[in-house]
Amino acid sequence: MTAPTSSGPTSSGPTSSGPASTSVSASSGPVRVLVADDQALLRGSFKVLIETAPGLVAVAEAGTGEEAVALARRHRPDIILMDIRMPGMDGIAATREICASPDTAGTRVLILTTFDLDEYVFAALRAGAAGFLLKDTSPDALLGAIHTVAEGEALLSPSVTRRLIAEFARLPDARWPFAGALDGVTGREREVLTLIARGLSNAELCEHLHLSPGTVKTHIGRLLAKLDARDRAQLVIAAYESGLVSAPTPSGRASASRAPRSPGRSP
């Protein structure tokens, strides 16, 4: 049972006069967060946690998807913590509208979910969400996730992503516009894409491929451009949709359609 929804959107802090920054490094102030959840107790808990954390500020609260969209346009936050199941417009529809609007192009959405909502995660990533987080995560992990997404990376936990994306990328209606569009992707970029789909972070990519952080970022940037993907989350979906990566094996690891090249080979 969910808590009663709010009677209207609530907010704090000044309204942004321009597009929100897409990364902490490009912003001179704290990361501005909007909390969207129909459970008042959870909303309040998230707000208190955010307000007491250095480098973060809660700019608004929303109890419905419609409120989340309206407040996102008004405040242009850096990050939205978005619940999926809300009355009226749900979190997926709200995410799709926010991510598609030029007014909120700089806002990144972090989906809050539970295991019994797995079937919605794929749709949320397709809608443009930068990642997802389980509601029972620890406070430190939640704060770290906000900073990770604010820095421009997608939050894709290897322990959850491999199972979810592999499962729902195989649904009959889960077709992605760039499915099969890997013709212009180089061998090294395919290798990077495969490892991203397995849930490796940039640091892990550097270690696995013996590459510098700058080179890894270059490869990821080229993949984003070539696949017309919004972020790392959509790269994961692209890897499955194109057939580059298949469903996890019994060991729990995603398998590549091609044997990976030696880590020591040059890009």
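Predicted model: local features only at pLDDT ≥ 70, side-chain atom pairs only at ≥ 80, totals over all residues.
Reader: Why are α2 and α3 called roughly parallel?

Author: Helix α2 (residues 65-75) and helix α3 (residues 91-100) pack at about 20°, with axes 8 Å apart. Helices here are DSSP runs (H or I, at least four residues), numbered from the N terminus. An axis is a line fitted to C-alpha atoms over the stretch in contact, and angles run from 0 to 180 degrees between N-to-C directions. The angle falls under 35 degrees, so α2 and α3 are roughly parallel.

Reader: Which residues of α2 and α3 meet?

Author: Gly 65, Ala 68, Val 69, Ala 72 and Arg 73 of α2 meet Ala 94, Glu 97 and Ile 98 of α3; contact means heavy atoms within 4.5 Å. By class, five of these residues are nonpolar, one is polar and two are charged.

Reader: What makes α7 and α10 roughly perpendicular?

Author: Helix α7 (residues 187-197) packs against helix α10 (residues 232-241) at about 105°, with axes 8 Å apart. That angle lies within 65 to 115, so α7 and α10 are roughly perpendicular. In this contact, Leu 193, Ile 196 and Ala 197 of α7 meet Arg 232, Leu 235, Val 236, Ala 239 and Tyr 240 of α10.

How values were computed: Residues numbered from 1 in each chain as written. Heavy atoms only, no water. Helix = DSSP H or I, 4+ residues; strand = E, 2+ residues; numbered from the N terminus. Parallel < 35°, antiparallel > 145°, perpendicular 65-115°, else oblique. Nonpolar A, V, L, I, M, F, W, Y, C, P; charged D, E, K, R; others polar.
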